[in-house]
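Biologist: I would like to learn how to read helix packing and sheet order. Please take me through it with a worked case.

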Amino acid sequence: MSIVGWYNPLTKRLVPLDDPGMELVMPKEVLKYVVEKEQADTRHSGTNITVTASNGCARALAINRMLDTHPDPQKMWPMTGGTLLHKVLGDMVRNGEWWSEEYHPDKCTHIGRIGGVEMGCKIDLLRKDYGAIHDFKTSFKDKTKWIKPGDRATANNWQSSYAVQLSLCAELVQQATGNDMSETELAIWIVSARWQKMFCDRLTINECLNAEVGVSKNYQSGKRWKYGEILEHIKTMFGMWNEAAVEYDGKLEEVPLRRRIEIVSNLPLFGESMFQNRNGGNMCTDYCAIAKDCKACGGGL
Ligand code: SF4
């Protein structure tokens with residue numbers, strides 16, 4: 001669906017897209033860019049899904065697809081800024097030994113099946129001999145996303161979502177191209193005030209499905225989400241969405257709001273964010289751009 005308005009973080013009110021008060025939050029041209037970029041991304045529509053989207057909050061995925069939203073542009077900015085940085089970084093390496101998502105989309109975009117779900121991936125950097133997949137994680141904080149030198153993402157540590165993400169990308173490349181990717185180097189570049197490289201274990205699909213990649217509001221008591229559990233939620237949600245599509249002759253825009261909310265309500269509630277939080281804060285209210293819409297459509301803390 002669409003971004004139909006903003007959450008103004010200064011006044012804490014939901015306002016229309018063209019509300020003049022938003023000019024204190026960001027220049028209107030930047031706000032326009034943020035909306036257009038989001039709407040133009042076909043990966044963010046229908047039942048298309050990418051490895052990255054499947055590895056986050058399933059409820060956020062459903063809300064963005066099925067409901068009109070009023071995001072907080074300040075919380076969207078890290079993602080928008082990250083996209084801009086990816087473009088520049090892709091440009092820097094494009095004549096070297098790498099294909100980059102920005103300049104060689106045909107080489108870096110692949111579709112396959114994971115756990116019964118058709119899924120796509122867009123790889124930041126794929127070495128032309130298929131020997132390495134690298135991913136940029138950008139951050140605008142003076143932090144390196146808590147990565148320390150020598151850290152490695154495995155199926156069992158808190159960076160497991162990185163190992164899952166890159167292992168699934170390797171799997172999709174293998175499915176699409178037939179290249180053996182079992183020995184492919186998987187690495188994350190944390191691009192922040194400092195750079196830091198972290199290698200990731202190559203996991204099998206089963207190891208990915210069983211890896212714990214997120215925490216719920218019960219994180220204090222150790223409740224974590226397995227990637228396979230999130231994928232099951234997504235499968236159920238897409239199934240319900242497809243059923244609604246059949247009922248309404250493929251015209252998804254005609255599915256009534258009540259039915260859409262019912263589908264979203266089937267997912268973990270507001271506050272059960274899949275995002276990891278090591279510092280005890282609430283990831284939904286701290287970081288989620290659509291937290292207001294999420295809370296408004298049922299369930300809550
Ligand atoms: S507020 Fe939390 S549970 Fe709701 S969509 Fe955002 S991250 Fe997910």
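Biologist: How do H3 and H8 lie to each other, roughly parallel or roughly perpendicular?

Modeller: Two packed helices are described by the angle between their axes and the distance between the axes. Axes are lines fitted to C-alpha atoms, for helices over the stretch in contact, and angles between N-to-C directions run from 0 to 180 degrees. Under 35 degrees counts as roughly parallel, 65 to 115 as roughly perpendicular, over 145 as roughly antiparallel, and the rest as oblique. Helix H3 (residues 58-66) and helix H8 (residues 227-247) pack at about 20°, with axes 10 Å apart. H3 and H8 are therefore roughly parallel.

Biologist: What is this model, and how are residues numbered?

Modeller: It is a predicted model: local features need pLDDT of at least 70, side-chain atom pairs count only at pLDDT 80 or more, and totals for chains, interfaces and linings use all residues. Residues are numbered from 1 along each chain as its sequence is written. Helices (H or I, at least four residues) and strands (E, at least two) are DSSP runs, numbered from the N terminus. The chain has 11 helices and 12 strands.

Biologist: Which residues make the contact of H3 with H8?

Modeller: Contact means that C-beta atoms, placed from the backbone, lie within 7 Å. H3 gives Ala58, Leu61, Ala62 and Met66; H8 gives Ile230, His233, Ile234, Met237 and Trp241. By class, that is 8 nonpolar, 1 polar and no charged residues. Ala, Val, Leu, Ile, Met, Phe, Trp, Tyr, Cys and Pro count as nonpolar, Asp, Glu, Lys and Arg as charged, and the others, Gly among them, as polar.

Biologist: At what angle do H1 and H4 pack?

Modeller: Helix H1 (residues 28-40) and helix H4 (residues 73-93) pack at about 70°, with axes 11 Å apart. They are therefore roughly perpendicular to each other. Leu31, Val34 and Lys37 of H1 meet Pro73, Met76, Thr80 and Thr83 of H4. This contact divides into 4 nonpolar, 2 polar and 1 charged.

Biologist: In what order do the strands of the open sheet run?

Modeller: Two strands pair if DSSP finds at least two bridges between them. Here 6 strands form an open sheet in the order S3-S6-S7-S9-S10-S8, with mixed pairing. Strands S3 (98-100) and S8 (152-153) are the edges, each pairing on one side only. S3 and S6 (residues 125-127) run antiparallel, joined by 3 bridges. Ser100 has Leu125 in S6 as its bridge partner.

Biologist: Which strands does H4 lie across?

Modeller: H4 lies across S3, S6, S7 (132-138) and S9 (185-191), at about 140° to S7.

Technical notes:
Contact = placed C-beta atoms within 7 Å.
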